[in-house]
Amino acid sequence: RTEGRKGKVLFLDLFFDSSSLPTQTVVTSLDGLTKFIDLDHLTSDLGGSFKYDHSKWIKMRMAVEKFVYEASSLLAKLEEIDDGLSLEDFADTVEGLKDQIKQNQHVKKWIVKAPVEVLQEEGQKLRSSLQNPEHFTDAFTPEDVKKAENQIDELVEGLLSKRQKLRELWNMRKMKLDQCFQYRVFQQDAETMLTWIAENRQEFLLNYTEIGDDAATAEELEDEHRNFEASC
């Protein structure tokens, strides 16, 4: 049995080279860290000289994330309005168009009151805070700052351009709604007139028999008739 165990150990030594196995270093004290990590890569609480304040990093990161969330939410709402203004869903009745015109006015108020400038100002303040040299060393690296600045700039630019597009879309939709409304009013009036003529033409023709008592009156009536024909 002893020889058998030795044989197994020998077998393992032949097929497994212990030098190729991964090693793991266990450090049980802060003093031991300096043997493996340079001091300029360790923060002050670990006895190093690397300037980093985690509380500042958390505070700045939360400020950036808050801005990104609010700006993204507003941009999503503006996108939703964009979709609505782009629809060609004009009502086919006067009353329906009145409701759409009223709704369009409500949309305009929302576009005007959208807090784009507020977020733009917040973005500028946040960029100024990020550019504070103190944050380069204690919280964010230059790469972190650049990435956050690009994110802020992209969102602010997106909000400004989207609102400008919405203003143009709103004006276009207002013009189309007004045109549709005028057409439907004309159509409604014309249908009312045609209905009246269809119902009263016989009575009108029977009663309208005046031809004038003299040549001057007859010519005047004839001129009125020609004008009526020309306007029809």
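Glu121 is partly exposed, with a relative accessible area of 43%; relative accessible area is judged with a 1.4 Å probe on protein chains only, and a residue is buried under 20%, exposed over 50% and partly exposed in between. Lys125 is exposed, at 55%. The two residues form a salt bridge in which the closest N and O atoms are 3.6 Å apart, a salt bridge being a side-chain nitrogen of Lys or Arg within 4 Å of a carboxyl oxygen of Asp or Glu. Both Lys125 and Glu121 lie in helix H5 (residues 116-130), 4 residues apart, about one turn of the helix. Helices (H or I, at least four residues) and strands (E, at least two) are DSSP runs, numbered from the N terminus.

The structure is a predicted model, in which local features need pLDDT of at least 70 and side-chain atom pairs count only at pLDDT 80 or more, while totals for chains, interfaces and linings use all residues. Residues are numbered from 1 along each chain as its sequence is written, and side-chain values use heavy atoms, with hydrogens and water left out.

The protein chain has 8 helices and 0 strands, and its elements run α-α-α-α-α-α-α-α from the N terminus on. Of the 232 residues in the protein chain, 20% are buried. Among contacts with a separation of 6 or more, 73% are between residues 24 or more positions apart; contact means heavy atoms within 4.5 Å.

Side chains of opposite charge can pair when their charged atoms come close. The count of salt bridges comes to 13. One of them joins the side chains of Arg173 and Asp89, at 3.0 Å from N to O. Arg173 lies in helix H7 (residues 142-207) and Asp89 in the loop between H3 and H4, so this pair ties together parts that are 84 residues apart in sequence. Arg173 is buried, with a relative accessible area of 9%, whereas Asp89 is partly exposed, at 38%.

A further salt bridge is formed by the side chains of Lys98 and Glu95, at 3.6 Å from N to O. Both residues belong to helix H4, where Lys98 and Glu95 are 3 residues apart, about one turn of the helix. Lys98 counts as partly exposed at 40% relative accessibility, and Glu95 counts as exposed at 51%.

The axes of H3 (residues 54-85) and H4 (residues 94-113) come within 12 Å and cross at roughly 155°. Axes are lines fitted to C-alpha atoms, for helices over the stretch in contact, and angles run from 0 to 180 degrees between N-to-C directions. H3 and H4 are therefore roughly antiparallel to each other, a term for angles over 145 degrees. In H3, Leu74, Lys77, Leu78, Ile81 and Leu85 meet Asn104, Val107, Trp110 and Ile111 in H4. By class, this contact has 7 nonpolar, 1 polar and 1 charged residues; Ala, Val, Leu, Ile, Met, Phe, Trp, Tyr, Cys and Pro count as nonpolar, Asp, Glu, Lys and Arg as charged, and the others, Gly among them, as polar.

Asn104, which lies in helix H4, counts as buried at 4% relative accessibility. Leaving aside residues up to four places away in sequence, Asn104 touches Leu85, Trp170, Arg173, Lys174 and Leu177.

Terms used: Angles under 35 degrees count as roughly parallel, over 145 as roughly antiparallel, 65 to 115 as roughly perpendicular and the rest as oblique.
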